[in-house]
Amino acid sequence: MSEKKKLRPASLVVSAGRPKVSADGELNPSISLSSTFHAPNTNGNGYGRYGNQTWSALEDAISALEGGRTLVFASGMASISAVFNILPHGAVITASKNGYSGTMSLLKKLEADGRVEVRYVDVSNTDEVLAALPGTVLLWLESPTNPALEVADLPTLISAAKQLNCGVGVDNTFATALNQQPLEMGADISMNSVTKFLAGHSDVLMGSLSTKDDALFTRLEDQRKLGGAIVGPFEAWLALRGIRTLAIRLRQSQESALEIATRLSNHPKIKKVRYPGLANDPHHERAKKFMKGFGAVLSFEIDGTAADADKVCSASTLISQATSLGGVESLWERRHRWSAESPTIPENLIRLSVGIEDVEDLWSDIQDALGYY
Ligand SMILES: *Cc1c(COP(=O)(O)O)cnc(C)c1O
């Protein structure tokens with residue numbers, strides 16, 4: 001092969017993170033099972049908690065998509081914890097009051113411990129976020145939010161925060177780098193729960209942080225070395241294998257998600273559908289400005305009680321009633337079955353992660369399940 005061409009995302013997911021081409025060399029990275037490496041350790045590995053060739057291959061692939069340098073962690077929460085852990089004592093974090101329940105619980109705990117101060121905002125309300133910025137050390141944005149599917153005006157918020165010298169991290173899990181590019185928009189960190197769309201098969205837990213800032217990268221890498229929340233080489237290999245089909249999985253899931261969201265909007269038993277891809281969604285116009293696609297997670301409120309919503313979720317036969325999202329298999333659940341879910345999320349809200357099954361089979365399963373109350 002001659003010199004590398006600039007590739008589009010659907011090609012990058014397939015080609016990034018492969019070993020250098022050599023005669024009879026391997027096409028895929030191998031699973032490197034060594035806890036230690038021969039001296040002199042000039043290539044940065046040294047010890048299995050510091051580096052591993054299989055991680056590097058995966059990190060190169062995520063880096064190619066996010067446009068920065070990447071570190072992988074043992075879970076999405078481990079990567080978020082690493083970011084919060086490098087903040088100085090008493091730092092002010094501005095974050096969504098409606099975000100992923102694990103992040104919310106972690107922030108509440110850090111706040112209760114007196115470790116940080118948190119300003120909770122509605123990230124879709126740009127003026128409210130801007131008003132909270134002075135004095136903020138880290139603006140932590142999640143967009144679209146889990147499970148409310150609110151879209152923050154990322155370009156506006158990121159540039160306003162950077163003008164005030166606030167650090168900005170974006171949880172990119174719902175959109176993925178294929179749909180939006182936080183680093184390109186000026187964010188310091190783009191974070192993924194690799195567990196979800198990137199790995200894509202509900203068989204791996206992992207997180208990632210990407211950044212263009214070398215000094216920040218080193219601080220986060222030190223945090224991983226010392227915090228020890230590292231990934232297993234096999235999990236890294238599985239996640240990279242999942243990324244190979246990310247573009248095609250996401251394309252199918254997004255197409256089906258829009259179709260299902262549209263049909264649900266017209267269903268007599270549904271009160272409200274949240275999906276930024278719907279033309280009449282309150283955040284659609286904003287999302288269109290910087291998102292290439294709108295993801296494959298939607299949520300909806302049924303015209304019924306929490307108990308009715310539970311009946312619906314347990315009545316499906318193709319869609320599994322389970323938490324998590326971003327896999328090839330469709331999953332749904334009533335979010336408030338978890339006590340950690342934010343009180344701002346309605347009791348009867350069902351979150352649906354649309355997989356790659358046939359959309360007509362999914363729709364028929366949903367219609368039948370809605371008939372159970
Ligand atoms: C799942 C999720 C996380 C946490 O990731 P884990 O891999 O489960 O630790 C963080 N943010 C969002 C938006 C998520 O959906």
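Which element gives the largest share of the lining of the largest cavity? Hold that for a moment.

First, the ground rules. This is a predicted model, where local features need pLDDT of at least 70, side-chain atom pairs count only at pLDDT 80 or more, and totals for chains, interfaces and linings use all residues. Residues are numbered from 1 along each chain as its sequence is written, and side-chain values use heavy atoms, without hydrogens or water.

Now the overall picture. The protein has 12 helices and 12 strands. Those are DSSP runs, numbered from the N terminus: helices are H or I with at least four residues, strands are E with at least two. The radius of gyration is 21 Å, close to the 21 Å that the globule rule gives for 373 residues, so the protein is as compact as a globular protein of that length. That radius is taken over C-alpha atoms, and the rule is 2.2 Å times the number of residues to the power 0.38. Along the principal axes, the C-alpha atoms fill a box of roughly 70 × 50 × 35 Å. Of the 373 residues, 55% are buried, meaning under 20% relative accessible area with a 1.4 Å probe, protein chains only.

Back to the cavity. On a 1 Å grid over the protein atoms alone, a cavity is a set of points where a 1.4 Å probe fits but cannot get out; a pocket is an open set with protein on both sides within 12 Å along at least five of seven lines; lining residues have an atom within 4 Å of a point. Volume is the space filled by probe spheres set on the points, which are joined across faces, edges and corners. The count is 1 cavity of 30 Å³ or more. The largest cavity has a volume of about 30 Å³. Its lining includes Ala95, Tyr100, Met104 and Trp140. Strand S2 (92-96), helix H4 (101-112) and strand S4 (138-142) each supply at least two lining residues. And the answer: S4 gives the largest share, 3 residues.

Next, the second largest pocket. It holds about 380 Å³ of space. Of its 24 lining residues, the closest to the centre are Met77, Tyr100, Asn146, Ser193 and Lys196. Helix H3 (76-85) and strand S6 (189-193) each give two or more residues to that lining. H3 gives the most, with 3.

Last, cysteines. Cys166 is buried, at 1% relative accessibility. Cys313 is buried too, with a relative accessible area of 1%. The whole structure has 0 disulfides, a disulfide being a pair of cysteine sulfur atoms within 2.5 Å.

Technical notes
Buried means under 20% relative accessible area, exposed over 50%, partly exposed in between (1.4 Å probe, protein chains only).
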